[in-house]
Amino acid sequence: MDATHLHLILTHFPIVGTIIGIGILAYGQFSKNDDIKKIALVTFVLMAILTIPVFLTGEEAEETVEQIAGVSEQLIENHEELAEKAIWLMGLLGVLSLINFFAIIKKLSFAKTLSLITLIVSLGTFGLFAKVGNEGGKIRHSEIRTSNVNNDNGILNSGENGEHDDDDDDDDDDDD
């Protein structure tokens, strides 16, 4: 298994793991259960750690796919630029989660507020990682690229070849 393969395998974990952590933390906030919150915080720390090899294998993955016909250098660049921002935000989430974990253990007065802040940061992190994943998917999955455009009638074309039923059969004006 090479770095490209590893990148493709691991890349989904930060996205899925973060959304799972968000659900757990939100439930912990709602139920006021510190043990559940701690599970979410550990999940975020693990996702932050797992993001490191995802990021580090990205360069080799780029070198592999840029040799493939039809792969857009601009799509790769978009993915890479977002990934650079996302890893910093994930790092912030990981550090914030560690601090929050210890604040809960030590029963510090700001632990509840920090849990709420962590939840907000985790939502932003998920959103950015979902965008990074989508941009990465566009590199090899032409079916998710923006290819649908409005035609002259303002109707959204759909399908692989832009076919769409433009007939207005619903308006039966010949009844007059």
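Of the 176 residues of the protein, 34% count as buried, where buried means under 20% relative accessible area, exposed over 50%, and partly exposed in between, with a 1.4 Å probe and protein chains only. This is a predicted model, in which local features need pLDDT of at least 70 and side-chain atom pairs count only at pLDDT 80 or more, while totals for chains, interfaces and linings use all residues. Residues are numbered from 1 along each chain as its sequence is written, and side-chain values use heavy atoms, with hydrogens and water left out.

The protein has 6 helices and 0 strands, and its elements run α-α-α-α-α-α from the N terminus on; helices (H or I, at least four residues) and strands (E, at least two) are DSSP runs, numbered from the N terminus. In helix α4, alanine 61 is buried because its relative accessible area is 8%. The C-alpha atom of alanine 61 is separated by 7.8 Å from that of histidine 5, although the two residues are 56 residues apart along the chain.

The largest pocket has a volume of about 710 Å³. Of the 30 residues that line this pocket, His7, Thr11, His79, Gly136 and Ile139 are the closest to its centre. A pocket is found on a 1 Å grid over the protein atoms alone, as an open set of points where a 1.4 Å probe fits, with protein on both sides within 12 Å along at least five of seven lines, and lining residues have an atom within 4 Å of a point. The volume is the space filled by probe spheres set on the points, which are joined across faces, edges and corners. Helices α1 (3-10), α2, α3, α4 (58-65), α5 and α6 each supply at least two residues of the lining, and α6 gives the most, with 7 residues. The lining divides into 14 nonpolar, 11 polar and 5 charged residues, where Ala, Val, Leu, Ile, Met, Phe, Trp, Tyr, Cys and Pro count as nonpolar, Asp, Glu, Lys and Arg as charged, and the others, Gly among them, as polar.

A search of the whole structure finds 3 salt bridges, each being a side-chain nitrogen of Lys or Arg within 4 Å of a carboxyl oxygen of Asp or Glu. In helix α6, lysine 138 and glutamate 135 lie 3 residues apart, about one turn of the helix, and their closest N and O atoms are 3.1 Å apart. Lysine 138 is buried, with a relative accessible area of 13%, and glutamate 135 is buried as well, at 8%. Helix α3 holds aspartate 34 and lysine 37, again 3 residues apart, which form a salt bridge with the closest N and O atoms 3.6 Å apart. Here aspartate 34 counts as partly exposed at 33% relative accessibility, whereas lysine 37 is buried at 5%. Aspartate 35 forms a salt bridge with lysine 38, with the closest N and O atoms 3.4 Å apart, and these two residues are separated by about one helical turn because they are 3 residues apart in helix α3.

Two loop residues deserve a look at their backbone. Most residues other than glycine have a negative phi. Lysine 32, in the loop between α2 (12-31) and α3 (34-56), has a positive phi near 55 degrees and counts as exposed at 69% relative accessibility. Lysine 107, in the loop between α5 and α6, also has a phi near 55 degrees and is exposed, with a relative accessible area of 70%.
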